[in-house]
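Here are a few notes from going through the model with you in mind. Have the structure open while you read, and go point by point.

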Amino acid sequence: MKTLQRSLIFKDVAGRDDRLTMRLKKMAERFNISASTIRNYEAKGLIPPAERSPNGYRVYTELHAAYLSCIQAMAQPFGMEVTAEALRCLHQNKPQNAMWIIREKEIALYEEKEKLERLFEDIRAYSNENKSLYADEPFTINEASELTQIPKSAIRYWDQAGYVMADRDPTNRYRRYSGSHLLKIRLIQMLQSSVYSEDTVNIRQSIGAVEHTDLEGLVNVAENIRAYLDKILEAQMCGIANLYELIQFTKD
């Protein structure tokens, strides 16, 4: 139990025997979740099966507490699907697989950050030079899709949802997109792979509220997305630390 005793993450259980048990209700209260949530985690293989007391009650140990701490730390930055996949690897005694699953998500976040920085540069260049970065505008939806590498179905949906409303050709009513439309489309796409949360909802609403021609407004939204990515990075580090501690705990 040396890992637990020196752990900051599990400092509330430092020095306690992992065989110390508690009932389902007490464990749920400890993590401020419902008893049904814990039963659901158990049924889905996210935490080890609970043993039963002589009178039939579920009995949980500090090992279960370690798993629940890890779930709570990883769910926000990685999502429940990825968290579940990683924890099932631990149950299969494949900790390296669990770590590689998480590393893939770390890399994806870094790539999103790089993509956002390039978008920052393009918005500023558009604003400073007062001209489009894209030649031969306006564009059809097919051309907008090719230039942004975003599916037409997504662009149509964002138009209908009011996030980025295209101009219309007066002769045939076809959608037409300017260079600033394309910048906003790229901005909306930044959150596509993010875990759903109150933060992402608020950012999407702010994107919908800003006009594609308001370049300063687009920069402000991009700065909010950067702050959100920084927040997710910190949460990922916390989740990884919890996962590592859990791996060491299971080894002990």
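**Notes on the predicted model**

1. Let's begin with a side-chain pair. The side chains of Arg175 and Asp159 are joined by a polar contact of 2.8 Å. Keep in mind that this is a predicted model, and that goes for everything below.

2. Is Arg175 buried or exposed? Its relative accessibility is 18%, and buried means under 20%, so Arg175 counts as buried. In the chain, Arg175 belongs to strand E5, which covers residues 175–176.

3. Next, have a look at His64, which sits in helix H4 (residues 62–91). With a relative accessible area of 4%, His64 is buried. The His64 side chain also reaches the backbone oxygen of Pro48, at 3.1 Å.

4. What else is His64 in contact with, leaving aside its neighbours within four places in sequence? Besides Pro48, the list has Met27, Ile47, Pro49, Ala50 and Val59.

5. E1 and strand E3 (residues 58–60) run antiparallel and are joined by 2 bridges. Arg23 has Val59 in E3 as its bridge partner, and Val59 is also one of the residues in contact with His64.

6. Last, a helix pair. Two packed helices are described by the angle between their axes and the distance between the axes. For helix H9 (residues 198–209) and helix H10 (residues 215–251), the axes come within 10 Å and cross at roughly 170 degrees. Angles over 145 degrees count as roughly antiparallel, and H9 and H10 are therefore roughly antiparallel to each other.

7. Which residues make that contact? From H9 they are Asp199, Thr200, Ile203, Ser206 and Ile207, and H10 brings in Val221, Asn224, Ile225, Tyr228 and Lys231. Sorted by class, the contact of H9 with H10 has 5 nonpolar, 3 polar and 2 charged residues.

Note on methods
Residues are numbered from 1 along each chain as its sequence is written. This is a predicted model: local features need pLDDT of at least 70, side-chain atom pairs count only at pLDDT 80 or more; totals for chains, interfaces and linings use all residues. Side-chain values use heavy atoms; hydrogens and water are left out. Helices (H or I, at least four residues) and strands (E, at least two) are DSSP runs, numbered from the N terminus. Buried means under 20% relative accessible area, exposed over 50%, partly exposed in between (1.4 Å probe, protein chains only). A polar contact is a pair of N or O atoms within 3.5 Å; within protein, one must be able to donate a hydrogen and the other to accept it, and residues adjacent in sequence count only if both atoms are side-chain atoms. Axes are lines fitted to C-alpha atoms, for helices over the stretch in contact, and angles run from 0 to 180 degrees between N-to-C directions. Angles under 35 degrees count as roughly parallel, over 145 as roughly antiparallel, 65 to 115 as roughly perpendicular and the rest as oblique. Contact means heavy atoms within 4.5 Å. Ala, Val, Leu, Ile, Met, Phe, Trp, Tyr, Cys and Pro count as nonpolar, Asp, Glu, Lys and Arg as charged, and the others, Gly among them, as polar. Two strands pair if DSSP finds at least two bridges between them.
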